[in-house]
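Subject: Structure handover

Hello,

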Amino acid sequence: METEILRVDSKKPDQEAMKRAGKLIAAGELVAFPTETVYGLGGDALDPEASKKIYAAKGRPSDNPLIVHIAEFDDLSRVAREVPEEAKLLADAFWPGPLTMIVWKSEAVPYATTGGMDTVAVRMPNHPVALSLIRESGCLIAAPSANTSGRPSPTEAAHVADDLSGRIAMILDGGPVGIGIESTIIDLTEEKPMVLRPGYITPQMLSDVIGREVIIDPGIIAMDDTKKPKAPGMKYKHYAPKADMAIVEGDEEAVVSAIKLLTSRAKAAGKRVAVIASDETQARYRGNSRSESGAPQHGAAHSEADASCCGDNADEFAADVVLSMGSRADEDSIARHLYHILRECDELGVDEIYSESFSTPRIGNAIMNRLLKAAGHQVLQAEDIE
């Protein structure tokens with residue numbers, strides 16, 4: 001299959017282009033499209049054959065439910081056995097936006113879409129292209145992230161093309177996404193509402209709206225792999241680069257020293273090593289880690305061969321490549337760069353990756369959840385590295 005890549009305006013998409021894409025969805029084909037979080041791989045949510053195509057294209061386990069994307073709140077009643085009052089409150093507060101709600105499914109939703117479960121995950125994306133595609137297709141659209149299962153999620157059309165070209169009918173290229181990590185998932189079928197996947201919308205924000213405590217599934221933020229998350233999709237390897245990856249925690253100076261020691265050992269063994277660090281760490285330990293304008297070089301790769309951007313910086317970390325995740329003062333920036341940087345590590349052909357921890361105040365759980373999954377829960381304490 002030849003995959004067509006169609007460039008569309010992310011704010012005001014051409015309606016003729018959207019009609020073309022919508023017809024493909026209605027005909028049972030797959031179309032990748034941008035949302036405010038990551039790129040999604042869309043098919044008709046009520047067509048079990050379309051859902052099977054999604055699983056096949058991604059190489060995704062069939063017990064990992066797909067999220068149904070809607071463009072109108074009334075469509076929730078089409079896929080839900082009943083619409084809880086708390087769902088109405090949350091939709092008023094956060095839809096369209098990066099929030100997925102799990103409710104009991106109606107008979108209209110095939111088990112092929114829900115991974116065999118009696119519940120269904122639903123969200124209304126906050127992106128003109130996504131909303132237009134849903135409306136023009138005349139369908140509700142099942143859409144996981146548009147990547148090969150287990151790979152870092154796509155935040156631009158080129159990432160989708162790298163993973164899925166030849167497997168799907170069309171990619172709608174709406175440019176880079178805004179948020180960069182997947183939606184928050186809240187399960188409303190539990191006695192206590194439970195966050196099954198952290199995201200941009202925090203448990204406290206949810207609690208403030210519904211007026212009672214929202215708990216967090218302990219398995220999604222565990223620093224090791226001993227606690228299993230409730231959501232089926234979260235038990236699988238996710239977001240992972242090709243290289244082995246570990247997160248190094250501890251005091252900032254101890255982390256830098258530990259990473260330097262680890263990368264020195266890896267390079268002595270013939271490995272090519274990347275380090276992921278914050279702007280602040282680079283500014284403190286690497287004097288010329290900023291651009292000529294003085295602005296942080298978000299997501300920029302620095303190699304030993306590039307003396308103009310590195311100088312003695314590589315010596316400080318003993319790494320072949322150093323990548324900036326962004327400023328700790330700008331959590332949104334860190335989230336936006338995370339998957340791009342993990343994919344950049346693949347492009348640079350590194351063998352091992354060492355990353356600082358990014359436990360930031362507001363969406364730190366979401367950021368660390370993705371990093372932990374990418375690292376296979378390999379967390380090293382800096383003071384233990386000798």
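In strand 7, the bridge partner of D44 is I141. That pair belongs to the antiparallel pairing of strand 3 (residues 39-44) with strand 7 (residues 141-142), which are joined by 2 bridges. Helices (H or I, at least four residues) and strands (E, at least two) are DSSP runs, numbered from the N terminus, and two strands pair if DSSP finds at least two bridges between them.

Before the rest, the conventions. This is a predicted model, in which local features need pLDDT of at least 70 and side-chain atom pairs count only at pLDDT 80 or more, while totals for chains, interfaces and linings use all residues. Residues are numbered from 1 along each chain as its sequence is written, and side-chain values use heavy atoms, with hydrogens and water left out.

The sheet: 11 strands form an open sheet with mixed pairing, in the order 1-8-2-3-7-4-6-5-9-10-11. Its edge strands are strand 1 and strand 11 (215-216), each of which pairs on one side only.

Strand 8: strand 1 (residues 4-7) runs parallel to strand 8 and is joined to it by 4 bridges; E4 has M170 as its bridge partner there. Strand 2 (residues 31-34) also pairs with strand 8 in the parallel sense, over 2 bridges, and A32 has I171 as its bridge partner in strand 8. In a regular strand the side chains alternate between the two faces of the sheet. In strand 8 (residues 170-173), M170 and L172 point one way, I171 and D173 the other way, and all are buried. Buried means under 20% relative accessible area, exposed over 50%, and partly exposed in between (1.4 Å probe, protein chains only).

Two loop residues:

- A80 lies in the loop between helix 3 (76-79) and helix 4 (85-94). A80 counts as buried because its relative accessibility is 4%. Leaving out residues up to four places away in sequence, A80 touches V103, W104, K105 and S106, where contact means heavy atoms within 4.5 Å. A80 and V109 are 29 residues apart in sequence and 8.5 Å apart in space, C-alpha to C-alpha.

- S357 lies in the loop between strand 16 (352-356) and helix 14 (364-374). With a relative accessibility of 13%, S357 also counts as buried. Among the residues that S357 touches, not counting those up to four places away in sequence, are I247, V248, R328 and M368. The side chains of S357 and E249 are joined by a polar contact of 3.3 Å (a pair of N or O atoms within 3.5 Å; within protein, one must be able to donate a hydrogen and the other to accept it, and residues adjacent in sequence count only if both atoms are side-chain atoms).

Regards
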